[in-house]
Amino acid sequence: MEAGFVGLGIMGRPMALNLLRAGHRLRVWSRRAESMRPLIDAGAIACDSAAQAAQGAQVVFSMVADAPDVKQVALGERGVADGAARGCVFVDMSTIAPGAARSIAARLAERGIDMLDAPVSGGEAGAISGSLTIMVGGNSNAFERVRPLFECLGKSITLIGDSGAGQVAKACNQVVTGISVAVIAEAFNYARVNGVDGERVREALLGGFAASRILDNHGGRMLARNFKPGFKAWMHQKDLRIVLDEAHRLGIALPAAAATAQLFNAMSGSSLGEDDSIGVLKLYERLSGGVGP
Ligand code: NAP
């Protein structure tokens, strides 16, 4: 299939590579030319805009940061809508607000372009291994047309519902993962202050009801003090902002998400925003007098 890909960062680059490896013809664009280099080396066609990446493509993916970026890529100057033919499907895999996804989809529909919101879970490792969890919102016809490409990127691929529903599912995912990362850091910091080895605590907890993939994977990286992103803390801050804005609009209480959002806010305000979100451990350490002897 002929596809376009815009946004070649931590996630987008390996995802685009997986599409190429599966034999699809790929047109790529990224703001920074160096981000395109590994894709061009692997056989992708370099473009100078999102519009050019969309020319002749049946499907165009975006994997950028937040809603204003997706809007710019889709509808801005030299954006996807300027290059895509009618009948093309625009698939945004970034994490953005459900309302923003619905409004971009409505504007693209006026130009004859279907949009799927298809955010992912599984992180950089899942992007590299093609084992992402993909949560899709949009119409089933567009979903079926894109399914063969989704299968190059992920293992669990679910059409959740209409436009925006994929982003709602992803928001639920971010509530669970954000709170989990924070409470695991909280527990490890508690162990440390008590003079107890966090690794022994992790091993013990992995055998009981507190076991989780986050305790295993993220907890392991926390204790190894490997804070290289992965998933940047400011991205998780953005995701909880999306959730809390929606909670405000809907008039519902999300107290645990709100408390966790404060921690990610504080990370961004204390030069930890570019760390992986597991760097929240460092914040706990600062709040309790620094790392002990
Ligand atoms: P990243 O490494 O910062 O990459 C984002 C890419 O988007 C960059 O290459 C950037 O291009 C491009 N970009 C941003 N704004 C743009 C714009 N207005 N126009 C064109 N290109 C733009 O971020 P990431 O970690 O890959 O995350 C991407 C999305 O996936 C986010 O929505 C994030 O929440 C979500 N996500 C991330 C993870 C994870 O573990 N990292 C997991 C699941 C979901 P330049 O580099 O050229 O500036």
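Visitor: How far apart are the C-alpha centres of domain 1 and domain 2?
Guide: In this predicted model, those centres lie 28 Å apart. The domain assignment puts domain 1 at 2-161 and domain 2 at 168-287.

Visitor: And how many residues does the contact take from each domain?
Guide: Domain 1 contributes 15 residues and domain 2 contributes 14.

Visitor: What area do the two bury between them?
Guide: About 1,100 Å², with 62% of it on carbon and sulfur atoms. On the domain 1 side, the residues losing the most area to domain 2 are Ile10, Thr95 and Pro98, which together make up 37% of what that side buries.

Visitor: Nice. How many salt bridges does the rule find across that interface?
Guide: The rule finds 1 there. As for polar contacts, 4 residue pairs count between the domains, both residues at pLDDT 80 or more.

Visitor: Which elements give two or more residues to the domain 1 side?
Guide: Those are α6 (98-109) and β7 (120-121). Of the elements, α6 gives the most, with 3 residues.

Visitor: Switching topic: how many disulfides does the structure hold?
Guide: It holds 0.

Visitor: What about cysteine 152, buried or exposed?
Guide: Cysteine 152 is buried, with a relative accessible area of 16%. Its sulfur is 17 Å from the closest cysteine sulfur, again in cysteine 88, so that pair is too far apart for a bond.

Key:
Residues are numbered from 1 along each chain as its sequence is written. This is a predicted model: local features need pLDDT of at least 70, side-chain atom pairs count only at pLDDT 80 or more; totals for chains, interfaces and linings use all residues. Side-chain values use heavy atoms; hydrogens and water are left out. A disulfide is a pair of cysteine sulfur atoms within 2.5 Å. Buried means under 20% relative accessible area, exposed over 50%, partly exposed in between (1.4 Å probe, protein chains only). Domain bounds come from an automatic or database domain assignment. Contact means heavy atoms within 4.5 Å. Buried area is the accessible area (1.4 Å probe) that two parts lose on being put together, summed over both. A salt bridge is a side-chain nitrogen of Lys or Arg within 4 Å of a carboxyl oxygen of Asp or Glu. A polar contact is a pair of N or O atoms within 3.5 Å; within protein, one must be able to donate a hydrogen and the other to accept it, and residues adjacent in sequence count only if both atoms are side-chain atoms. Helices (H or I, at least four residues) and strands (E, at least two) are DSSP runs, numbered from the N terminus.
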